[in-house]
Structure formats: C-alpha cells, structure tokens
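I opened my notebook to get to know a new structure. Here is what I looked up, entry by entry.

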Amino acid sequence: MLKTNFLHIFITILVISIYPWLETLAFDTQLKITLALIFLLGIPHGAIDHILLRKKKQSSKEQIQFYAFYLGLIAIYVITWIVFPYFSLVIFFLISFYHFGQSQFSDVKIAETSKSKKLLYMLWGGSIISGLFYHHYDRLIEFFLETSHFNQTATVITPSSLYYFFVLTSFATIILMAYLLLFKINSKKRFFSEIGVFLLLHLAFFTLPPLLAFALYFAVWHSLKVLYEEYQFLGTKRKNFDLNHFIKELLPFTLVSIVGVLILLFVFSYFQFSISPFFLTIIFLSVLTLPHSVVMDNWYKKMQRK
C-alpha cells in the first residue's frame, strides 16, 4: 500500500468529523468544491498520459497516432453520449469500476493478466460506486430525473436492485481480497489495511453529502494516488526531477482539458440539450476516463514487466 494512504486516511477522517457542517452547505457550494477538486487533482492525474507510454525514441508518426487515438476516443464517446445516452452511462460505470479497482490494487504482485485480479478490480470499483449511489439514492435519482435523457433511470435502478448489487459486490470483494491477499501473496498486513480502507470509504459515503463524498474519493483517494505513482515513475526516468518539474509537465494538458470543458458546455448549451450541471460533469469525466483508462491499463502492465 502506498505511503500516501496515510494522508488519504487522515483527510477522510477529518472530513467525516465535520460532516454536520458540510451538510449545511448549499448545493451550489458543494458543486463548486467538487469541480475545484476535479480541476485541481482529477484532471491533472490524466494530463501526462502521453508521457507514460512514451518510448525512448518515439517518432513523430507514433506521437500523431497516439493523439489521434486519444482524441478519437473522446470524440466518439461524446457522439455516443448524444445518440445513445443510456448505453454510454452503462459503459462509463463499467470503465469506472475497472479503473478505480485497478488504481487500488495494481501494485499487488499478481500478474495484470490474472482473471481473478481483473475481477477484483471490477468488484471493488462496483462496490465503491454502488455504495455511493445506494447511500444517497433519493438525491442521486433526482439528478437523473432532472435530465430528460435519463428520466427512466429510476425504473431500472431501483432501491432494491441497487441494494442487492451493493451487497453482492461488497461481500464478493472481501472474499476475493482474502483469497488474493491472504493466500496468493500471503500478506495479512495488506489484507487488513485494505479492509480498513474499504470500510472507511463506505463510512464516508454514508455520512457525507453525495457530491462531496464523490469528490473525496475521486480527487483524494484516486487522483492523488495516481499522481503520486506518476511522480515516482518520472523521478526514476529523469535526473533532478522535482515537484516543480512535475507541475510543469501537468499544466499543458490540464489547461487543454479545461478548455475542452468549456467547449463541451458550449456544444450542449448551443444544441439546447436539457442536461443538468451534474450530468455535464459526468459526461465530461467519462469522455476523459475512456482513453485515460486504456493508457493506464497499458502503463500498469508495462510497469509490472519491469
């Protein structure tokens, strides 16, 4: 487990301890805090995707192919959201399950090609996302109903179906963690620390308002963890690499992504799509997550081979 987990745990306990005050914050204030954390940590953690898989000697053609692939996936996914919103939402959930789980367990000394490890990614991520949704079902369903494209969501994601999915993925996650961490790599310390993290996150989801609970996980637990891994990686590749150099690497595509947000907002407002700010945020995150998750999957495999 990364050293940054201690920072994550401290921040989470601190935030949980002030949850009565957080619940008094207006929705607009919560949304601004969430967006600020996404811009500060969420977007930057994917801002050096073009560097992570770069070869020592990479031709201009290979660079163009990478950008064409990356931007092409984003464009296709934006179109898919417009034409097939429900399908796009399901794809986003599945990608997020895997991506969140992978970022949590990629360092476990089991091959990335292992089916049981991939299943753990899906189950852990599924429990995390469904737990957040389950603990705040009424409020989150309101977000769906505010957007005409998703006003039938409540007939599919019912409280009972969500409850069974949450319970199933949670118990299956614990069982699979026990199998992989206790029996496969024989690490009681890692198993119990992961159980602690798992329970702490669900406690945070239970106590905090939904937007702030999501922001806490996505920005602090996921994005900050990945940023730390990326910083360590670049530190082994470059001499005299420090935090200032890292920030300079992150800035260009962080700014490009922010411009992309503004363009996305313009497109949806210009065509007068009746989509709430909440769902615009979801769509924005999803179109960046798709190519980013592909890059990270290949990067984790590359790191494990070394």
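**Entry 1: what kind of model**

I noted at the start that this is a predicted model.

**Entry 2: a nonpolar patch**

I asked which residues form a nonpolar patch on the surface. I found Ile79, Ile82, Val83, Phe84 and Phe87, and together they have about 490 Å² of accessible area.

I located Phe84 in the loop between H5 and helix H6, which spans 85-105. Is Phe84 buried or exposed? Its relative accessibility is 51%, and exposed means over 50%, so Phe84 counts as exposed.

**Entry 3: two helices crossing**

I reminded myself that two packed helices are described by the angle between their axes and the distance between the axes. Then I looked up H6 and helix H12, the latter made of residues 210-237. Their axes come within 10 Å and cross at roughly 55°. What does that make H6 and H12 to each other? Roughly perpendicular starts at 65 degrees and roughly parallel ends under 35, so I wrote down that H6 and H12 are oblique. I also recorded the hand of the crossing: H6 passes H12 in a left-handed one.

**Entry 4: salt bridges**

Side chains of opposite charge can pair when their charged atoms come close. I wanted to know how many salt bridges a search of the whole structure finds. The count is 6, and I followed up some of them.

I began with Arg190 and Asp107, whose side chains meet in a salt bridge at 2.9 Å, N to O. This pair links distant parts of the chain, with the two residues 83 apart. Arg190 sits in helix H11 (residues 188-207), while Asp107 lies in the loop between H6 and helix H7 (115-135). Arg190 has a relative accessible area of 9%, so it is buried. Asp107 has 27% and is therefore partly exposed.

Arg190 came up again in my next search, as its side chain also meets that of Glu194 in a salt bridge, at 2.8 Å from N to O. How far apart are Glu194 and Arg190 in helix H11? They are 4 residues apart, so about one helical turn separates them. Glu194 counts as buried because its relative accessibility is 1%.

I then moved to H12, where Lys225 and Glu229 are 4 residues apart, which means they too are separated by about one helical turn. Lys225 forms a salt bridge with Glu229, and their closest N and O atoms are 3.2 Å apart. Lys225 is buried at a relative accessible area of 3%, and Glu229 is buried at 11%.

**Entry 5: two C-alpha pairs**

I looked up Asp242 and found it in the loop between H12 and helix H13, which runs over 243-270. Asp242 counts as partly exposed, with a relative accessibility of 30%. The C-alpha atoms of Asp242 and Tyr231 are separated by 8.4 Å, and the two residues are 11 apart along the chain.

Val261 was my other stop, and its place is in helix H13. Is Val261 buried or exposed? Its relative accessibility is 12%, under the 20% limit, so Val261 counts as buried. Val261 and Thr281 are 20 residues apart along the chain, and 8.8 Å separates their C-alpha atoms.

**Entry 6: positive phi**

Most residues other than glycine have a negative phi, and most peptide bonds are trans. With that in mind, I looked for exceptions.

Asn186 has a positive phi of about 55°, although it is not a glycine. I found Asn186 in the loop between helix H10 (159-184) and H11. Asn186 is exposed, with a relative accessible area of 62%.

Asn240 is another residue other than glycine with a positive phi, near 55°. Where is Asn240 placed? Asn240 lies in the loop between H12 and H13, and at 71% relative accessibility it counts as exposed.

Note on methods: Residues are numbered from 1 along each chain as its sequence is written. This is a predicted model: local features need pLDDT of at least 70, side-chain atom pairs count only at pLDDT 80 or more; totals for chains, interfaces and linings use all residues. Side-chain values use heavy atoms; hydrogens and water are left out. Patches are made of residues with over 30% relative accessible area and no salt bridge: like charges are joined within 9 Å, nonpolar side chains (Val, Leu, Ile, Met, Phe, Trp, Tyr) within 5 Å. Accessible areas come from the Shrake-Rupley method with a 1.4 Å probe; for residues, only the protein chains shown count as cover. A salt bridge is a side-chain nitrogen of Lys or Arg within 4 Å of a carboxyl oxygen of Asp or Glu. Buried means under 20% relative accessible area, exposed over 50%, partly exposed in between (1.4 Å probe, protein chains only). Axes are lines fitted to C-alpha atoms, for helices over the stretch in contact, and angles run from 0 to 180 degrees between N-to-C directions. Angles under 35 degrees count as roughly parallel, over 145 as roughly antiparallel, 65 to 115 as roughly perpendicular and the rest as oblique. A crossing is left-handed if the near helix is turned anticlockwise from the far one by less than a right angle, and right-handed if clockwise.
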